[in-house]
Amino acid sequence: MSLHLEAQQFLFSAQKGVLSTHSVKFAGYPFGSVTPFVLNHQGMPVILISSLAEHTKNIIENANVSLLVFNNENDLQANARLTLLAKAEQTDKNNALIRARYLRYMPQAESYFDAHDFSFYTLYITHGRYIAGFGKMGWIEGDDFQVPTNPLFTEEAGILDHMNADHADNLKAYCQHYHQTETTRATMIGIDSLGFDVRIDSEQQLRFSFPQAINNAQEARAALVAMAKACRA
């Protein structure tokens, strides 16, 4: 797997990082804050932040930001991590598709939408530095993180409804076969060109990667059927 594809898959598997902005209060200093995020269908991180937050004030003055992404590992320096350089741009928080996708991953944030001072910001990646492990690292251009526009964004909700209503057993089989995890409940919460995400009964989230990128519901169906067959083999 190429370094940029591995970095993309790593980014899709993560949901939190450290956002660094240019401090307005203390000029010349970076300001770091823990920030959850959800990727949109183009592979760009979307954050939901308050206008009262220090990092939002900083972004308004200087939209150039950095996001350090990592997973829950005991030894962070020995495991993969990704540093993204990006430009932050305010995004309509009433966009129904983005809002629905964000809340499937971050249901605890629903009350924030009732607060007028919360807004979406999309981080448009310009460069990335991915460290996969000792001796395997490199810079990646922002365009390499970009997922081409395709119909999945509008088809996602229908795919999820179908899988959760009619193929719950397959979802549990995926968890067992690909992650060696048994569960009594599995819910698909998102699907994109590179894979899909399932929340299991312990509230743990599992990422499943497709062997090759998909672009629409028909290709998603074919990939999911092939995975189900592999579970039964």
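## The second largest pocket

The second largest pocket holds about 220 Å³ of space. A pocket is an open set of points on a 1 Å grid over the protein atoms alone, with protein on both sides within 12 Å along at least five of seven lines. Its volume is the space filled by probe spheres set on the points, which are joined across faces, edges and corners. This is a predicted model, where local features need pLDDT of at least 70, side-chain atom pairs count only at pLDDT 80 or more, and totals for chains, interfaces and linings use all residues. Residues are numbered from 1 along each chain as its sequence is written, and side-chain values use heavy atoms, leaving out hydrogens and water.

Lining residues have an atom within 4 Å of a point. This pocket has 13 of them, and His162, Met163, His167, Arg221 and Val225 lie nearest its centre. α4 (152-166), α5 (168-179) and α6 (217-232) each give two or more residues. The largest share, 7 residues, comes from α6. Helices are DSSP runs (H or I, at least four residues), as are strands (E, at least two), numbered from the N terminus.

## Where α4 meets α5

The axes of α4 and α5 come within 5 Å and cross at roughly 90°. Axes are lines fitted to C-alpha atoms, for helices over the stretch in contact, and angles run from 0 to 180 degrees between N-to-C directions. The two helices, α4 and α5, are therefore roughly perpendicular (65 to 115 degrees). Met163, Asn164 and Asp166 of α4 touch Ala168, Leu171 and Tyr174 of α5. Contact means heavy atoms within 4.5 Å.

## Where α3 meets α4

Helix α3 (residues 96-105) and α4 have axes that come within 10 Å and cross at roughly 45°. α3 and α4 are therefore oblique to each other; that term covers angles left over once those under 35 degrees (roughly parallel), over 145 (roughly antiparallel) and 65 to 115 are set aside. From α3, Leu97, Ile98, Arg101 and Arg104 meet Phe153, Thr154, Glu156 and Leu160 in α4.

## Two cavities

The structure holds 2 cavities of 30 Å³ or more. In a cavity, a 1.4 Å probe fits but cannot get out. The largest cavity has about 80 Å³ of space. Its lining includes Phe12, Phe37, Arg101 and Tyr105.

The second largest cavity has a volume of about 40 Å³. Among its lining residues are Val38, Ile98, Arg101 and Phe153. α3 gives the most to this lining, with 3 residues.
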